[in-house]
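Work through the exercises below with the coordinates loaded. Each task is followed by a solution in steps.

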Amino acid sequence: MIQITTIREKSDFVIERLAVKNFDAKAIVADILTLDENRRKMQSELDELLFQQNTLAKQVGDLYKSGKKAEGDDLKNKSGALKESSAALQIQLNELEERLNLEMVKLPNIPSSKVPKGKTPEDNEVVHQEGTIPELHAGAVPHWELTTKYDIIDFELGVKLTGAGFPVYKGKGARLQRALINYFLDKATEAGFKEIQPPILVNKDSGYGTGQLPDKEGQMYHMQIDDYYLIPTAEVPVTNIYRDVIVKSEELPIMMCAYTPCFRREAGSYGKDVRGLNRLHQFDKVEIVQVEHPDKSYETLEKMVEHVSGLLRALQLPFRILRLCGGDMSFASALTYDFEVYSAAQKKWLEVSSVSNFETFQANRMKLRYRQGAEKPQIAHTLNGSALALPRIVAALLENNQTPDGVIMPDAIRSYTGFDKIN
């Protein structure tokens with residue numbers, strides 16, 4: 001959530017920058033400014049009433065002590081009337097603050113000055129590309145045919161058990177999943193991230209804190225009876241560990257990683273782009289999360305980008321890094337880099353990671369602050385990234401490493417898989 005002081009003091013800037021995300025903020029900002037002005041006036045009136053109450057209460061006490069009961073009773077009655085007025089005003093103020101908050105959560109995060117203008121993924125900037133795109137043998141096939149050939153992932157069985165987008169991993173397919181999860185977690189902990197095993201169901205406060213609610217409510221699976229949500233990413237529970245927490249500045253950065261299954265409804269997804277592992281409703285992912293000092297968050301973002309790059313290099317997958325344009329960014333992000341790997345059989349780039357700096361947006365919602373010495377607490381910055389999401393990594397590994405005799409595993413994960421070939 002954008003800080004109210006920023007909206008109040010830099011409203012034109014907020015409107016101008018949100019236009020980069022193709023978001024017209026003029027009407028909402030105007031409503032926020034009006035509600036904020038009324039809120040501050042009402043708060044001032046309430047403060048004055050409370051001051052008068054406190055003054056009268058002291059005077060009543062002094063009169064009773066000096067034996068002037070009648071005068072004390074008279075002031076006590078006045079104090080009671082003030083108390084009723086202040087209580088009524090407090091209710092109005094609470095309602096006004098709720099209305100203000102409902103308007104403020106409609107605004108997406110302000111994009112960084114590095115964010116390019118644009119409306120679609122075609123407007124994203126390729127900032128880096130490396131690796132050799134493999135030339136496959138004659139008769140090479142896409143991963144969904146390989147998974148059937150070697151009986152390692154069963155999409156039809158997933159449909160029987162649940163529905164489309166819920167595959168069943170079998171044999172070496174299941175072992176490959178487990179191997180990649182362990183490999184990614186080990187690399188994250190080697191880099192200094194503390195491993196967390198969080199719940200995969202979260203409450204509304206957690207969804208609100210990281211910006212999934214109310215913006216992405218329709219994309220999340222909702223358990224109506226208990227009012228819990230299945231997580232779309234480990235970012236949600238892990239970042240919310242520090243909701244309503246003030247940390248010491250010397251504790252920063254706070255580095256966490258987690259493996260979880262992730263759940264996304266992906267409403268409206270259809271066609272060839274959802275075949276096989278390309279788009280699932282349930283998938284595995286290792287997430288890295290950081291809470292950082294505002295002065296260092298963009299330096300930290302670059303380090304997180306390099307961490308993900310190192311994983312893809314080790315897996316020997318050709319990849320590229322894109323800086324997302326305003327129209328392709330998430331609601332909560334200030335700057336996002338997407339990673340894509342090349343799928344040789346499909347002859348296309350597949351997104352496998354997003355690494356983002358949210359600046360104060362999530363932390364302001366969560367009241368996540370840091371304190372330097374005896375100074376007033378300040379809002380921290382939060383960052384996260386996929387390191388990595390498994391489905392399209394598996395798709396690219398299978399397709400790019402296929403031979404007439406089987407699929408060769410990269411050297412980096414053979415000690416994790418326990419096999420060097422799927423055949």
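The model is predicted, with local features taken at pLDDT of at least 70, side-chain atom pairs counted only at pLDDT 80 or more, and totals for chains, interfaces and linings using all residues. Residues are numbered from 1 along each chain as its sequence is written, and side-chain values use heavy atoms, with hydrogens and water left out.

**Exercise 1. Overall description**

Task: State how many helices and strands the protein has, and what its C-alpha trace spans along the principal axes.

Solution: 
1. Assign DSSP runs, numbered from the N terminus: helices are H or I with at least four residues, strands are E with at least two.
2. Along the principal axes, the C-alpha trace spans about 105 × 45 × 40 Å.
3. Classify residues by relative accessible area with a 1.4 Å probe on protein chains only: buried is under 20%, exposed over 50%, partly exposed in between. Of the 423 residues, 49% are buried.
4. Take contacts (heavy atoms within 4.5 Å). Among those between residues at least 6 apart in sequence, 74% join residues at least 24 apart.

**Exercise 2. The largest pocket**

Task: Find which residues are closest to the centre of the largest pocket, and which element gives the most to its lining.

Solution: 
1. Points are joined across faces, edges and corners, and the volume is the space filled by probe spheres set on them.
2. The largest pocket comes out at about 1600 Å³. Its lining has 47 residues, and R264, R279, D338, E351 and S354 are the closest to the centre.
3. Sort the lining by element. Strand 13 (348–357) is among those supplying at least two residues, as are strand 12 (335–343) and helix 12 (390–400). Strand 13 gives the most, with eight residues.
4. Sort the lining by class, with Ala, Val, Leu, Ile, Met, Phe, Trp, Tyr, Cys and Pro as nonpolar, Asp, Glu, Lys and Arg as charged, and the others, Gly among them, as polar. The counts are 17 nonpolar, 14 polar and 16 charged.

**Exercise 3. The second largest pocket**

Task: Describe the second largest pocket by volume and by lining.

Solution: 
1. Its volume is about 670 Å³.
2. The lining has 20 residues, with M1, I4, N364, K367 and I379 the closest to the centre.
3. Helix 4 provides the largest share of this lining, four residues.
4. By class there are eight nonpolar, six polar and six charged residues.

**Exercise 4. Aromatic pairs**

Task: State how many aromatic pairs the structure holds, and what the pair F319 and F339 ties together.

Solution: 
1. Pair rings of Phe, Tyr and Trp (its six-membered ring) with centres within 6.5 Å; planes under 30 degrees apart are stacked, over 60 edge-to-face, the rest tilted. There are five pairs.
2. F319 and F339 are tilted, at 6.1 Å centre to centre and 35° between the planes. F319 is in strand 11 and F339 in strand 12, so the pair ties together parts 20 residues apart in sequence. Both F319 and F339 are buried.
3. Y342 and W349 are edge-to-face, at 5.2 Å and 70°.
4. Y183, F184 and Y416 are linked by ring pairs into a cluster.

**Exercise 5. Two single residues**

Task: Classify S343 and A412 as buried, partly exposed or exposed, and list their contacts beyond four places in sequence.

Solution: 
1. S343 is found in strand 12. Its relative accessibility is 0%, so S343 counts as buried.
2. S343 touches K348, L350, E399 and N400.
3. A412 lies in the loop between strand 18 (406–408) and helix 13 (414–417). With a relative accessible area of 24%, A412 is partly exposed.
4. A412 is in contact with Y183 and A314.

How values were computed. 1 Å grid on protein atoms, 1.4 Å probe; cavity = no way out; pocket = protein on both sides within 12 Å on 5 of 7 lines; lining within 4 Å.
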